[in-house]
Amino acid sequence: MSPVQAIVRRELRSYFVTPVAYVFLVIFLALAGILTFYAGDFYERRQADLQPFFAMHPWLYLILVPAVSMRLWAEEAKAGSLELLLTLPVRLWQAMLGKFVAAWLFVGLALVLTFPIWLTVNYLGHPDNGVILAGYLGSWLMAGAFLAIGACLSTLTQSQVVAFILTALICVLLLLAGQAQVVDFFQEALPRRLVNGVAHLSLLRHFEAIARGVLDVRDLAYFLLSIGAWLTAGVLLLDLRRSR
Amino acid sequence: MIETDQLTRRYGRFTAVDALSIRAEPGQVLGLLGPNGAGKTTAMRMISGFLTPTSGTARVCGHDVQSDPIAAKRALGYLPEGAPSYGEMTVREFLVFIARMRGLKGLSGRRRFEEVVGRLQLEEVLDQCIDTLSKGLRRRVGLAQAILHDPPVLMLDEPTDGLDPNQKHAVRQLIDAMARERTILVSTHLLEEVHALCNRVVIIARGRLLADATPAELEARSRYHGAVSFSAPGSAVSQEMLGRLPQVASIEVDPLDGRITVFPRQGERILEPVEQLLRAQGLEISEIQLERGRLDEVFRHITTVTEGQP
């Protein structure tokens, strides 16, 4: 078994022996349901799709994903197990990848457990299941991007609270950068090119495109590159920490 | 083998480890001795690859910890200070995780697991959460983790710190048993440990190497080395007589228990003349002792007196 696999297994296990996993799953599923049916007007729209469900995900992730990612490195640094982990024969990128993959699989499990809503919409009508699948993929990719941001920022501190706040802050900025109202607001004050450039950085735009069922290579690449870039930054920060 | 070459670590202006060059060979238990804050842990963290040296480097079995960190880490078993582990895991889960990270598998891996668990007497707590274990047991789990892959080099940061005397004894026996073909580097601030464990000692303070010697050589540096001490009632007379012996440099009387210590002149042996004199005086002495030297005194001398000098 490679070190990455060993770390993935250890991390996943640690989610489920502590209350973290159960609290997360219950709150995620409850909020996803409530927001979809009440805030998203699931029935009133009288359309057989999951648009209102997916539309809520960025905001749900904003709170819940930093709660998963905050512990990734901060907890180990605080408990001292970081010294143990990093003196085992494992490279920094392998440790980072293992932790990230475990967290991403865990959020993926939470998404899979929302299947009753998919059953519901199939029972009520004839939705385009391809679009729904794309929506799930987009949602999972966005969660991955959030997690990568959180994994990176968690290396900066021993305090999980600080890691949470930093991650939520960066994520909300990246979400807002693509909101139509925010873009319009800045359109007047700043050069158009700059505003559009920043808007393209927004997670929201790329997610909404995928959630509509449009699988554009550029959107997929955006998420995968984001994940890669944030994880790489995290590895560099870990390395910097060793010589600081 | 462990080698450090001008190993240095600075935190801003503060120098935690200052151009430290030490060498530990197979079959050797090298004690890294120093007051708290001397730089022992920082030095070990650099050798283990957890911290990057500011300058200089270290090698484990010839593998440079900076240019070939994975090979160096494979050769090394390391017990970090305080024996950190994953508290929410059971002992079994934790050791299986370490075995996987170390690439141990199959029958040989399982045998090694059984052997280490037996050696550290962890059978009964295998399925307990590490968080629920006593300090001594947790330390044993840390040791099990360090020796699981049967490493040629072992580095233990204060392995007996905070243990009770029986547990200390058990840990020392374990280290002793493993010492034969391995290179072992043990940090400590306990002098008794040096006697019990080490065949060579490196003393550091403020990050600098101050002495590199065998425990016996260090004892020979003590002013007590070769001194004779005894307890005798009616000591006033004998003191005066003793002072007249040509080999004797000085005499001290312990103000608490009245024990007399006689110090020799350089290179003189004084046990016999002192004994003869006492017998000739017809003095009753309960016991007489030839001092080997006091490590604590040498340690204090080296780490405090030398400190200010460049």
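Predicted model: local features only at pLDDT ≥ 70, side-chain atom pairs only at ≥ 80, totals over all residues.
Residues are numbered from 1 along each chain as its sequence is written, with chains lettered from A and ligands numbered from 1 in the order in which they are written.

Chain A first. It has 13 helices and 0 strands, where helices are DSSP runs of H or I, at least four residues, and strands are E, at least two, numbered from the N terminus. The C-alpha trace spans about 55 × 45 × 30 Å along its principal axes.

Now the helix pair. H6(A), residues 92-112, packs on H8(A), residues 129-154, at about 140°, with the axes 10 Å apart. Axes here are lines fitted to C-alpha atoms over the stretch in contact, and angles run from 0 to 180 degrees between N-to-C directions. So the two are oblique, meaning not under 35 degrees (roughly parallel), over 145 (roughly antiparallel) or 65 to 115 (roughly perpendicular). Among the residues making the contact are A:Phe100 and A:Trp104 from H6(A), and A:Trp140 and A:Leu147 from H8(A).

And chain B? 19 of its residues are in contact with 20 of chain A, contact being C-beta atoms, placed from the backbone, within 7 Å. On the chain B side, helices H2 (69-75) and H3 (91-101) each give two or more residues.

Notes: Contact = placed C-beta atoms within 7 Å.
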